[in-house]
Amino acid sequence: REFNRHLLKIIRAVTVHDGHVIIVGMKGFGISMMTRLACFSAGITFNKMELHPNFVEEEWRADLRKNII
């Protein structure tokens, strides 16, 4: 039930004109799988950014530009 609710929220957000979603979460909770499913259902490309302990702000901005633009 919760899965369906969150899935519909993601689908609604990404299908709005110029809509996008940034989802942050821990690995192993199914967030990535749910987001991939929502994007597949909406016919939208899924882009994923991986963070690591030495991630700096410049890398974050570069990855964000690459994925959004």
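Start with helix 2: among the elements, helix 2 gives the most to the lining of the largest pocket, with five residues. The model on screen is predicted.

**Stop 1: the pocket**

Stay with that pocket and display its surface. The volume of the largest pocket is about 1,000 Å³. Its lining counts 31 residues. Which of them lie closest to the centre? Select Ile23, Phe46, Asn47, Lys48 and Met49. Now colour by element. Helix 1, helix 2 and helix 3 (57–68) each give two or more residues to the lining. Then colour by residue class. The lining holds 18 nonpolar, ten polar and three charged residues.

**Stop 2: the whole chain**

Zoom out and switch to a cartoon. How many helices and strands does the protein have? The secondary structure comes to three helices and zero strands. Read from the N terminus, the order is α-α-α. Along the principal axes, the C-alpha atoms fill a box of roughly 35 × 30 × 15 Å.

**Stop 3: helix 1 against helix 2**

Select residues 2–15 for helix 1 and residues 31–42 for helix 2. Two packed helices are described by the angle between their axes and the distance between the axes. Here the axes come within 9 Å and cross at roughly 50°. The crossing of helix 1 and helix 2 is right-handed.

Show side chains at the contact. From helix 1, pick Phe3, His6, Leu7, Ile10, Ile11, Val14 and Thr15. From helix 2, pick Met33, Met34, Thr35, Leu37, Ala38, Ser41 and Ala42. What is the make-up of this contact between helix 1 and helix 2? Ten of its residues are nonpolar, four are polar and none is charged.

**Stop 4: Phe55**

Move on to Phe55. Where does Phe55 sit? Its place is in the loop between helix 2 and helix 3. Which residues does Phe55 touch, leaving aside those up to four places away in sequence? Select Glu50, Trp60 and Asp63.

Finish with a distance check. Pick the C-alpha atoms of Phe55 and Asn4: the two are 33 Å apart in space. In sequence, Phe55 and Asn4 are 51 residues apart.

Methods
Residues numbered from 1 in each chain as written. Predicted model: local features only at pLDDT ≥ 70, side-chain atom pairs only at ≥ 80, totals over all residues. Heavy atoms only, no water. Axes fitted to C-alpha atoms, helices over the stretch in contact; angles between N-to-C directions. Helix = DSSP H or I, 4+ residues; strand = E, 2+ residues; numbered from the N terminus. Left-handed = near helix turned anticlockwise from the far one by under 90°. Contact = heavy atoms within 4.5 Å. Nonpolar A, V, L, I, M, F, W, Y, C, P; charged D, E, K, R; others polar. 1 Å grid on protein atoms, 1.4 Å probe; cavity = no way out; pocket = protein on both sides within 12 Å on 5 of 7 lines; lining within 4 Å. Points joined across faces, edges and corners; volume = space filled by probe spheres on them.
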